[in-house]
Amino acid sequence: MSSAAAEPTGLTRDTVLRAPKVLLHDHLDGGLRPQTIIDLAADCGHELPATEAVALGTWFAESADSGSLERYLETFDHTVAVMQSGPAITRVARECVEDLAADGVVYAEVRYAPEQHVEGGLTLDEVVAAVQEGFDAGVASAGGRIVVRQLLTAMRHQARSMEIAELAIAWRDRGVAGFDIAGAEAGYPPTRHLDAFEYLQRENSHFTIHAGEAFGLPSIWQAIQWCGADRLGHGVRIIDDITVHDDGSVELGRLAAYVRDQRIPLEMCPASNVQTGAATSIAQHPIGLLKKLRFRVTVNTDNRLMSQTSMTAELWDLVQAFGYGVRDLEWFTVNAMKSAFLPFDERLDLIERVIKPAYAELAAERSAGRD
Ligand SMILES: O=c1[nH]cnc2c1ncn2[C@@H]1O[C@H](CO)[C@@H](O)[C@H]1O
Ligand SMILES: [Zn+2]
């Protein structure tokens, strides 16, 4: 797509591409390049549903476009299958960072479930080391223009969350910034993993929980009030606790009010939500109302492969749907940076030294009519 389209704010896709972006919710095993999957599948003898890169990319996008989270998640069988050796994992991690840097991402937290990568004989520790090696190589090849951290995910239908939480603590000063749980939401409440969350709290660590995506308010309530989540993965269903009256006035239920009052970050992933049926379209996505109501909203990609998306694409979709301008993009970006699981001084440094000056320049360019 070119930057030709004229939008209400006059913002172009090229400006969105050049703007610094911050990504808090991106799955390593949901962002492989199709050609890489083909190469790695040939190496390990895994059979794929398509053997040509464009066709395979289309297969992922179409299969994920199912209206159901469970069916969406089935597509990960193929990406996880080819990520079972150290070199394969390192390659995927390096390319991930290169792709994010090329998309203008300056800070990213990338998550994956180590327990899903031990079928080829790697230990959990070796999996984390292989990812870190790839991240370091990616950062170096991007000339240090991006800072990346790992989030370790435990699968909510499994019973390894305590082990994974301990792994996150063991790696906390070597590239791992926090913990998450993911997988099918209905039937697997976050309270199943309470011991892991309590352990992380005792360790003064950070975690986010996928909640309020395929299941509603009880899941969000448990994630925050039972488990103590610092952030919510998706959290779109918080909209069910908000009433917009005919006269336009808005009423927040107690949970929605708590989330807003406490500035709990919402890791929103619009394209993914449309695919899994958590939202009917980008234009209808609750992000529009939640931003207006000043929730701590962030914009994320979730799975770049399955959603054929990028940070630029997500933000560009929102620009087109809601008429956002440079200042709105800056607001999302600063929100995300403030919500990162990075030490406060490092967050502040990225905001003051990288994000704000770049947005000031983009705003100046635009008022000078050069965009
Ligand atoms: O949107 C999502 N909701 C819940 N689980 C997800 C989503 N996207 C990916 N995963 C799950 O997280 C695992 C580790 O990265 C993936 O293998 C996938 O099963
Ligand atoms: Zn996710």
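Predicted model: local features only at pLDDT ≥ 70, side-chain atom pairs only at ≥ 80, totals over all residues.

Student: What makes α8 roughly parallel to α9?

Tutor: Helix α8 (residues 161-170) and helix α9 (residues 194-202) pack at an angle of about 20°, their axes 8 Å apart. Angles under 35 degrees count as roughly parallel, so α8 is roughly parallel to α9.

Student: How do you know which residues meet where α8 packs on α9?

Tutor: Two residues are in contact if their C-beta atoms lie within 7 Å. On the α8 side these are Ser161, Met162 and Ala165, and they meet Asp195, Ala196, Tyr199 and Leu200 of α9. By class, that contact has five nonpolar, one polar and one charged residues.

Student: Why are some residues of helix α10 called buried?

Tutor: A residue is buried if 20 or more other C-beta atoms lie within 10 Å of its own. In α10 (residues 217-226), Ser219, Ile220, Trp221, Ala223 and Ile224 are the buried ones. They pack against β5 (208-211), β6 (231-234) and α11 (254-261). Just after α10, Gly228 has a positive phi of about 80°.

Student: And what surrounds ligand 1?

Tutor: There are 19 residues around ligand 1, and the closest are His27, Phe76, Tyr112, Ala113 and Ala182. The shell divides into seven nonpolar, eight polar and four charged residues. At least two shell residues come from each of α4 (69-74), α5 (76-81) and β2 (105-112).

Key:
Residues numbered from 1 in each chain as written. Chains lettered and ligands numbered in written order. Axes fitted to C-alpha atoms, helices over the stretch in contact; angles between N-to-C directions. Helix = DSSP H or I, 4+ residues; strand = E, 2+ residues; numbered from the N terminus. Parallel < 35°, antiparallel > 145°, perpendicular 65-115°, else oblique. Nonpolar A, V, L, I, M, F, W, Y, C, P; charged D, E, K, R; others polar. Near = placed C-beta within 6 Å. Buried ≥ 20, exposed ≤ 12 C-beta atoms within 10 Å, placed from the backbone.
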